[in-house]
Amino acid sequence: MDKMRVRGGKTLSGKVSASGAKNSALPILFSSLLAEGEHVFHNVPRLVDVNSTAQLLEHLGCQTEFKGNTFRVNVSRPKEMEAPYDLVRKMRASILALGPLLAKYGHAKVSLPGGCAIGTRPIDLHLEALKELGAEINLDSGYVFGKTKRLKGTSLIFESVTVGGTENILMAAALAEGRTIIENAAKEPEIVDLANYLNKMGAKISGAGSSIITVDGVEKLKPAEQDIIADRIEAGTLLIAGAITGGQVTVDKCRPHDLDALISKMRESGFKIETTETSMTVQPASNWCGVDVTTAPHPGFPTDLQAQFMSLMTQATGTSVITETVFENRFMHVQELSRLGADITPKTRVAIVRGTRGKLKGAPVMATDLRASACLVLAGLIAEGETVVNRIYHLDRGYEGMENKLRALGAEIDRIA
Ligand code: UD1
């Protein structure tokens, strides 16, 4: 299993480009199941999760080709409408095959994804909403079995905001009969990207990016071509990497507007950040303050940047109270940061971080999930001596060539096979 070795103490500087968004690419790749023929996607990040999606699409009878950052899917009617456990357990987002298969072919068998390190992460909201669209849903032997003649448009309200749930229903409703109105929809930029692709395929969706989305179902969709938007979480992580080392780093080819919540918290902490439409630059800083952060669905502070922001706060002057409201168990990085010498008290959903500027010391640590692994790499950048991050495969699920990007900015980082 690969590990990442980081020698702390280098000030990062220079320019780095963001890759395409994993969380946009995955649902859009699954949406291709809605239309037979060849779909072409550009700016697709080369990630383990994208490979897992390709594997599942191939299992469903599609042909895929991934060259550079261009991903082609040739969709034909699957022989079996099944997403098996072995493929789904590798990647929870596989549940996004359910909506398209049901809408297009009228039946699907998708393994239940089960829990994961950051919480139980149920899919009850996806299933309830599909039932409201008229699908017959049964759970048996660890699988979801879905059946319908044709889904029927309806008005539905998500009890709480769910990104994946909104995506599954958007895809399902695109081919349903009549109008679907989704209230309390997720407003993430990735939802807008998916809706844009569905509309390119011929869907009639309006309101994506707001909490009410209207979908007028159509009979048929056709394949199309799309550029995946920049990964806001990767871009934010790279900005924090520059900030935590006190360096001047520009993140290019990104969408700073998607990161308003992070940028505003970093400014409140004392960083100077300049933005253009497509880039953001953090200026060198030697002193920043602890600020409080509460994660929330978009446009709130992203839960996917909570761990990385915590690393930054370990180097602040003063205390920061970090509250996690999206997932119930997303503080596993606290213990690992503590191994490096951070002073953090975790409560149930709140972590109190007392800044210990310049006091982290390298140690072996363990990545417990995707974003936690990024936070440990960030802490390693400023810890004295060597930090070895174990179980780095988590990082490979969601960051394209992270160590190369950081090395190009001046970090001393390498992968140990
Ligand atoms: C997506 C992102 C993930 C991000 C998360 C929140 C992808 C591939 N993943 O995950 O990186 O951290 O959004 O921004 O895009 N919930 C239920 N029942 C459901 C569905 C969700 O209780 O049926 C709960 C979850 O357990 C969680 C909360 O709702 O506590 C939000 O989850 P959701 O927005 O669905 O996250 P994902 O789509 O899984």
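Colleague: Which strands form the open sheet, and in what order?
Modeller: This is a predicted model, and in it four strands make an open sheet in the order β2-β15-β17-β16, with mixed pairing.

Colleague: And which strands are at the edges?
Modeller: β2 (13-17) and β16 (273-275) are the edge strands, each pairing on one side only. From one strand to the next, the twist averages 15°.

Colleague: How do β15 and β17 pair?
Modeller: Strand β15 (residues 248-252) and strand β17 (residues 280-282) are antiparallel, with three bridges. If you want a spot to look at, Val-251 stands opposite Met-280 in β17.

Colleague: Which strands does α8 lie across?
Modeller: Helix α8 (residues 232-244) lies across β2, β15, β16 and β17, and it runs at about 25° to β17. Helix α9 (residues 260-269) also packs on the sheet, where it touches β16 and β17. The direction of α9 makes about 150° with that of β16.

Colleague: Staying with α8, at what angle does it pack with α12?
Modeller: The angle between α8 and helix α12 (residues 370-382) is about 20°, and their axes are 9 Å apart. So α8 is roughly parallel to α12. The crossing of these two is right-handed.

Colleague: Which residues make that contact?
Modeller: From α8 you have Ile-233, Thr-237, Ile-240, Ala-241 and Ile-244, and from α12 Arg-371, Ala-374, Leu-378, Leu-381 and Ile-382. By class, the contact of α8 with α12 has eight nonpolar residues, one polar and one charged.

Colleague: Other helix pair now. How far apart are the axes of α1 and α7?
Modeller: The axes of helix α1 (residues 22-31) and helix α7 (residues 189-200) are 9 Å apart, and the helices pack at an angle of about 30°. That falls under the 35 degrees cut-off, so α1 is roughly parallel to α7. The crossing of α1 and α7 is right-handed.

Colleague: What residues are in the contact there?
Modeller: α1 brings Asn-23, Ser-24, Pro-27, Ile-28 and Ser-31, while α7 brings Glu-190, Asp-193, Leu-194, Tyr-197 and Leu-198. Five residues of the contact of α1 with α7 are nonpolar, three polar and two charged.

Colleague: Switching to β23: how many of its residues are buried?
Modeller: Four of the five residues in strand β23 (residues 386-390) are buried, which leaves the strand mostly covered.

Colleague: Which strands are joined to β23 by bridges?
Modeller: Strand β1 (residues 3-7) is joined to β23 by four bridges, running antiparallel. Strand β22 (residues 364-366) is joined to β23 by three bridges, running parallel.

Colleague: What about phi at Asn-43?
Modeller: Asn-43 has a positive phi of about 60°, though it isn't a glycine. Most residues other than glycine have a negative phi. Asn-43 is in the loop between β3 (37-42) and α2 (48-59).

Colleague: And what is phi at Asn-184?
Modeller: Asn-184 has a positive phi of about 55° and isn't a glycine either. Asn-184 is in the loop between β11 (179-183) and α7.

How values were computed. Residues numbered from 1 in each chain as written. Predicted model: local features only at pLDDT ≥ 70, side-chain atom pairs only at ≥ 80, totals over all residues. Heavy atoms only, no water. Axes fitted to C-alpha atoms, helices over the stretch in contact; angles between N-to-C directions. Parallel < 35°, antiparallel > 145°, perpendicular 65-115°, else oblique. Left-handed = near helix turned anticlockwise from the far one by under 90°. Contact = heavy atoms within 4.5 Å. Nonpolar A, V, L, I, M, F, W, Y, C, P; charged D, E, K, R; others polar. Pairing = 2+ DSSP bridges. Buried < 20%, exposed > 50% of the residue type's maximum accessible area, 1.4 Å probe, protein only.
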